[in-house]
Amino acid sequence: MTTVATGLTSAQRDLIGFLIDEALRDPVELERRWLNAAAFVRDRAKSGQLVLLREWTQTTVITRNGDVLVVDTEEGAPDRPATQAERYLALFHSIRQFPELLSLLPPRPAGASDCPDCLGTGLHREVLSNPVLRSVSCRCGGAGWISLPGSGADAE
Ligand SMILES: [Zn+2]
């Protein structure tokens, strides 16, 4: 599989490895973080992957060396490298389970604009008046900024 350079330091890769190992050896901690998804996350950890984000048909993981991959959980297609949009979305969401990964979040680029849908907060404005939408992601992925006009943090 071809992967791009992750840009992670060896200390950050050590941190990811630690969290994968912890998922394997500490079921109580894993359940605290993931509730009823703990068994799934543990299975991915057995494959050397730390789950960042679970969605209906796919799961985004990070490997011990920092590659962010998309795992197809519906059709069973081979794992593939995440797009930049998927990478950003997964990393920003991962903070809910793994606040330790804060240093992996992409910095706001100099030319970025506040996301118009959340006004820079990362939480879509519609959620404030309609809490039923709580689990819907803002197009910025929770970053609060978009890197190109109209494209969201999902700019390739
Ligand atoms: Zn937003």
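Predicted model: local features only at pLDDT ≥ 70, side-chain atom pairs only at ≥ 80, totals over all residues.
**Entry 1**

I started at L119, which is exposed, with 12 other C-beta atoms within 10 Å. My cut-offs, with C-beta atoms placed from the backbone: a residue is buried if 20 or more other C-beta atoms lie within 10 Å of its own, exposed if 12 or fewer, and partly exposed in between. Residues are numbered from 1 along each chain as its sequence is written.

L119 sits in the loop between β5 (113-114) and α5 (125-129). Helices (H or I, at least four residues) and strands (E, at least two) are DSSP runs, numbered from the N terminus. Phi of L119 is positive, near 55°, though the residue is not a glycine.

I then looked up L35, another non-glycine with a positive phi, about 50°. I found L35 in the loop between α2 (27-34) and α3. L35 is exposed, with 9 other C-beta atoms within 10 Å.

**Entry 2: the β1 hairpin**

Next I followed β1, where five of the six residues are buried, so the strand is largely enclosed by the rest of the structure. With β2, β1 forms a hairpin that has three residues between the strands. The two strands pair in the antiparallel sense over five bridges; pairing here takes at least two DSSP bridges. For Q49, I noted T63 in β2 as the bridge partner.

I also listed the contacts of L52 (C-beta atoms, placed from the backbone, within 7 Å). Leaving out residues up to four places away in sequence, L52 touches T60, V61, I62, A90, L91, H93 and S94.

**Entry 3: the core and the domains**

Which residues touch the most other members of the largest nonpolar core? They are A23, L50, L52, A90 and C140, out of 30 residues. Such a core is a set of buried Ala, Val, Leu, Ile, Met, Phe, Trp, Tyr and Cys residues joined through C-beta atoms within 7 Å. Among the elements that each supply at least two residues are α1 (10-25), β1 (49-54) and β6 (145-146). The most comes from α4, with five residues. Domain 1 (10-104) and domain 2 (113-146) both contribute residues, so this core lies between them.

Those bounds come from an automatic or database domain assignment. I read the C-alpha centres of the two domains as 23 Å apart. Four residues of domain 1 are in contact with four residues of domain 2.

Conventions. Contact = placed C-beta atoms within 7 Å.
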